[in-house]
Amino acid sequence: MSIMDAGLIEPYGGRLVDCRVSGIAAERLRREARHLPRAELSPVEAADLALIACGAYSPLDGFMGREAYGEVVQRMYLPSGLPWTLPVVLRVGRELAARLQAGDMVALCPPEQDPVGVLFVDDVFPIDPQREAREVFGTDSPAHPGVAAVLGAPEWCLGGPVRVWAAPDWPATALTPQESRAAFPQRGWQRVAAFQTRNPAHRAHEHLQKCVLEVVDGMLLHPLVGPTRSEDLPAPVRWRAYEILIHYYFPPERVLLAAFPGAMRYGGPREAVFHALVRRNFGCTHFVVGRDHAGVGSFYGPYDAQRLFDRFDPNVIGIEVLRFDAAFYCRRCGGMATLRSCPHGRAERVVLSGTEVRRRLRDGETLPEEFARPEIANFLLRAG
């Protein structure tokens, strides 16, 4: 059964890219890679490589060259005219860049690993990290973790298509776009909403997720498990919290839990659009954007991410955005609500910041039942 026969949404750009090689082709490239210059990937670049290879970043078939990088940073479009909001680049030092030119090949090496793929060099070019930071993140303050990463990386880039024979650090709980697109029809799903999160399960998210399930066939619960800030709870802890939530509080046939092995850039509005485009490649027709999606600190307004989608043609983006206000427990209402449904003041709401959640867990304090289900609160307390 083809993707279109199954009634699934078309991949972004019209087809799923597949940069993976196996068998004789993989062995030939693996042998050749032993004699090539080595590009040592950062954890973020290694995560990007794995997602490029399986088509999650379609239509990209490699790391961006000079033209694509410039268009994305300045205009949020690829040279083809498709919206794309985050640069996906391979940063290298000046010494390696000086040795390479178009037509060369480079071995791609994740941190402390042997080569897992090769890049066919189309472009070798310098960038202005501060300009990238201002355009992409809206600030050049190193207090922003995404900015700090950009400013701390080398200032030269290699662009070109890749071929990959081993996905670096691909978790067993992750699905490729091909696998999710096979799973949805098996479950009888056509209208599928993706829910992106990097936080442990709590009742505000549960409320939004259950609202979503009222209007679609099923939900891809897609927690990000790639590189994040050290302050964030570890991915295995967050993952287990979602397993507990689904077991006790969701019909399991309506939810597919799968890890998303991408890196968190904390790019706010631009990253929200990026997350939506990527989930279209996984076969999702809807994408949830709540309060301060992919934000950090006070760098973005609470609904800036939702507003950025208005700058693009929804028919080109293709995936429908489900916009939600922040949810909270209201003591007067006796349940979960948002500002759209609750008339009561701030004093009646139970809301905890991520910092407060981490402090309570660190100090051995349980989370209130209005914030987290007791099964999850007890697990997080033990895990913390």
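User: Before we start, what should I know about the model and its numbering?

Analyst: The model is predicted, so local features need pLDDT of at least 70 and side-chain atom pairs count only at pLDDT 80 or more, while totals for chains, interfaces and linings use all residues. Residues are numbered from 1 along each chain as its sequence is written, and side-chain values use heavy atoms, with hydrogens and water left out.

User: How much space lies in the largest pocket?

Analyst: On a 1 Å grid over the protein atoms alone, a pocket is an open set of points where a 1.4 Å probe fits, with protein on both sides within 12 Å along at least five of seven lines; lining residues have an atom within 4 Å of a point. Points are joined across faces, edges and corners, and the volume is the space filled by probe spheres set on them. Here that comes to about 1400 Å³.

User: Which residues lie nearest its centre?

Analyst: Asn199, His202, His205, Arg291 and Leu352, out of 45 lining residues. Elements that each supply at least two of the lining residues include α8 (203-213) and β13 (327-330); helices (H or I, at least four residues) and strands (E, at least two) are DSSP runs numbered from the N terminus.

User: And the second largest pocket: how much space lies there?

Analyst: About 500 Å³. Of its 25 lining residues, Ser42, Val44, Ala149, Val150 and Arg265 are the closest to the centre. α2 (43-54), α5 (129-137) and α6 (145-151) each give at least two residues to that lining.

User: In what order do the strands of the open sheet run?

Analyst: Strands pair if DSSP finds at least two bridges between them. The three strands go β14-β13-β15, with antiparallel pairing. β14 (335-338) and β15 are at the edges with a single partner strand each, so one side of each has no neighbour in the sheet. β13 and β14 share four bridges, and alanine 327 has threonine 338 in β14 as its bridge partner.

User: Is leucine 78 buried or exposed?

Analyst: Buried means under 20% relative accessible area, exposed over 50%, and partly exposed in between (1.4 Å probe, protein chains only). Leucine 78 has 6% relative accessibility, so it counts as buried. You'll find leucine 78 in the loop between α3 (66-75) and β3 (90-92). Leaving aside neighbours within four places in sequence, leucine 78 is in contact (heavy atoms within 4.5 Å) with Pro59, Leu60, Met64, Val72 and Trp84.
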